[in-house]
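Please keep the sequence and the structure in view while reading.

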Amino acid sequence: MTEPPARPAAEVAGAPEVVGTVEAFLEECGLQWERGARDGEFVVTLPGEKKLRTVVSLLVSGTALSVSAFVIRNPDENHERFYRRLLRRNLRLPGIAYAVDGAGDVYVTGRVPTAGVDAAYLDSLLGAVLEAADAPFNELLAIGFLTSMQREWDWRVSRGESLRNLEAFRGLLEHD
C-alpha cells in the first residue's frame, strides 16, 4: 500500500491564504523566524529589552490563528503575589492572556478567527505578545526569584565575577 503524497503545510492547515499572509508579513518585517514542527506553524523570535528574546509560536489551523509564547518559569517564591500581578495585567491585554502550564510556567496565549488576520493584525498581535512578555519581566523576576538572585549576586561578588546581567537589580541586591 502506498502512502498518499504529503500535502503542503498551507493545505494541511486549511487556510492557505492566512499561511501566505503570515509568511509575507514575517518576511517583510525582517523578523527571525522558521517553520515549526507542526503544519501551519511559524516560530518567531522577537528581540526584547528586559527579556533578551521572546520565542513565539503562530499556528494557523482551518479556522483560527493561535499564538503562544513562553514568558517565565514557575516562581521560586511569592506565588500569590506573582500570579496576582499576572492576573491584573490580564485585564489590559488585547486578545491575549497569561496562562500557566502544569509545571507552573507562564505563557502568553491567544486564539483568533483566521478571517480577521492581516498584516496590521499580525503587527498588533506580535507587539502585544512582546509587551506582555518583556515589560513585566524584571518585576516578575524580583517578585518570584529574589532569593536565588541574591545568592547569585553574593556568589559573583565574592569571586569578582561579572554582575552585568544582574545590574537591573543592583538596588535590590547590593549590600552595604
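Is His-175 buried or exposed? This is a predicted model, in which local features need pLDDT of at least 70 and side-chain atom pairs count only at pLDDT 80 or more, while totals for chains, interfaces and linings use all residues. Residues are numbered from 1 along each chain as its sequence is written, and side-chain values use heavy atoms, with hydrogens and water left out.

His-175 is exposed, with a relative accessible area of 52%; buried means under 20%, exposed over 50%, and partly exposed in between, for a 1.4 Å probe and protein chains only. The residue lies in the segment after helix H7 (170-173); helices (H or I, at least four residues) and strands (E, at least two) are DSSP runs, numbered from the N terminus. Leaving aside neighbours within four places in sequence, His-175 is in contact (heavy atoms within 4.5 Å) with Gln-150 and Asp-154. Its C-alpha atom is separated by 43 Å from that of Asp-123, 52 residues apart along the chain.

Attention now turns to the strands. Strand S2 (residues 41-47) is largely enclosed by the rest of the structure, because 5 of its 7 residues are buried. S2 pairs in the antiparallel sense with strand S1 (residues 32-35) over 4 bridges; two strands pair if DSSP finds at least two bridges between them. Within this pairing, Trp-33 has Val-44 of S2 as its bridge partner. The S1–S2 hairpin has 5 residues between its strands, and Gly-40 in the turn has a positive phi of about 80°. S2 also pairs in the antiparallel sense with strand S3 (residues 53-60), over 7 bridges, and Val-43 stands opposite Ser-57 in S3.

The largest nonpolar core has 44 residues, and Val-56, Leu-58, Ile-72 and Ile-96 have the most contacts inside it. Such a core is a set of buried Ala, Val, Leu, Ile, Met, Phe, Trp, Tyr and Cys residues joined through side-chain atoms within 4.5 Å. Helix H4 (residues 119-134) gives the largest share of this core, 7 residues. Beyond four places in sequence, Val-56 touches residues including Val-43, Val-44, Leu-126 and Val-129.

Finally, helix H5 (137-144) and helix H6 (146-159) each supply at least two residues of the lining of the largest pocket.
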